[in-house]
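Could you walk me through this model in my viewer, one selection at a time? I would like to know what to pick next and what is there.

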Amino acid sequence: MIRELRRIQDFVKQELGYETSGHDYTHIMRVVSLAQTILKTEPADEQLVLVAAYLHDVSDDKVTTNPAAKRQAIIGKLIEIGYDQPFINQVFDIIDHMSFSDNLKHHYQLSLEGQIVQDADRLDAIGAIGIARTFYFGGHFGETMYNPHVMPRTNLDKSEYRKRGTVINHFYEKLLKLKDQMNTPTAKKLAEHRQQVMLAFLNEFMDEWNGQA
Ligand code: ADP
Ligand code: NI
């Protein structure tokens with residue numbers, strides 16, 4: 001691994017090592033690994049993809065109460081390592097616009113590098129890990145696991161999306177939609193299996209909820 005990336009990895013480990021909503025350092029490492037897989041078939045700037053993958057959650061308001069300070073910490077670290085301003089701008093263009101909630105009403109045209117990081121992040125939101133992270137997140141933020149009388153919400157904007165729902169509804173409000181929103185062919189392919197895992201899980205969950213043996 002190039003020396004700069006090792007320093008960024010150390011920084012992220014320090015920042016997110018103790019995160020407990022499902023956006024911890026292990027999520028970051030899975031996103032980096034998925035991004036590396038997607039990179040094999042895309043003519044993209046590898047360094048930009050990996051730096052953005054490492055940093056994409058550090059200043060997110062889900063993991064910090066002071067996003068502005070975290071943003072400054074990221075900029076400080078990138079300057080210290082020796083990255084120039086145009087590169088830093090490209091990193092923020094990705095991490096500021098890649099989230100699901102930011103793209104609910106207006107689709108932002110990400111760079112190819114941004115599309116790869118977005119796909120990698122979204123792959124880690126679905127499948128078996130996606131199921132686990134979603135329940136973990138729901139517990140962390142005090143969400144109800146399931147309530148058959150609460151319908152999944154539709155046509156959400158960012159602020160509505162951020163309000164509490166139920167964990168099961170999150171599958172219908174976001175997770176099951178991600179498969180069709182993947183940017184790259186590699187991610188589309190990987191998403192197919194993960195979608196089947198979630199659908200099978202939801203079927204089993206409903207059967208057991210309804211008392212079927
Ligand atoms: P983004 O960062 O792309 O806007 P989210 O805010 O949906 O994405 O957060 C990422 C992950 O956190 C989701 O894939 C899911 O696992 C979990 N999560 C987010 N919101 C909820 C929610 N309301 N209930 C349960 N899990 C959630
Ligand atoms: Ni993420």
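Start by selecting asparagine 169, which sits in helix α9; helices here are DSSP runs of H or I with at least four residues, strands are runs of E with at least two, and both are numbered from the N terminus. You are looking at a predicted model, in which local features need pLDDT of at least 70, side-chain atom pairs count only at pLDDT 80 or more, and totals for chains, interfaces and linings use all residues. Residues are numbered from 1 along each chain as its sequence is written, while chains are lettered from A and ligands numbered from 1 in the order in which they are written.

Contact means C-beta atoms, placed from the backbone, within 7 Å. Methionine 151 is 18 residues from asparagine 169 in sequence, yet their C-alpha atoms are 7.2 Å apart.

Next, centre on ligand 1. It is surrounded by 15 residues, the closest being Ser99, Phe100, Ser101, Ala125 and Phe137; a residue belongs here if its C-beta atom, placed from the backbone, lies within 6 Å. The elements giving two or more residues to this shell are α7 (127-140) and α9 (167-173), and α7 gives the most, with four. By type, the shell holds four nonpolar, seven polar and four charged residues (nonpolar: Ala, Val, Leu, Ile, Met, Phe, Trp, Tyr, Cys and Pro; charged: Asp, Glu, Lys and Arg; polar: the others, Gly among them).

Now show helix α1 (residues 3-16) with helix α3 (residues 46-55). Their axes are 9 Å apart and meet at an angle of about 10°, so the two helices are roughly parallel (under 35 degrees counts as such; axes are lines fitted to C-alpha atoms over the stretch in contact, and angles run from 0 to 180 degrees between N-to-C directions). Leu5, Ile8, Gln9 and Val12 of α1 meet Leu50, Val51, Tyr54 and Leu55 of α3: seven nonpolar, one polar and no charged.

Finish on leucine 50 in α3. It counts as buried because it has 24 C-beta neighbours inside 10 Å, and it touches Leu5, Val32 and Ala35, not counting residues up to four places away in sequence.

Technical notes: Angles under 35 degrees count as roughly parallel, over 145 as roughly antiparallel, 65 to 115 as roughly perpendicular and the rest as oblique. Two residues are in contact if their C-beta atoms, placed from the backbone, lie within 7 Å. A residue is buried if 20 or more other C-beta atoms lie within 10 Å of its own, exposed if 12 or fewer, and partly exposed in between; C-beta atoms are placed from the backbone.
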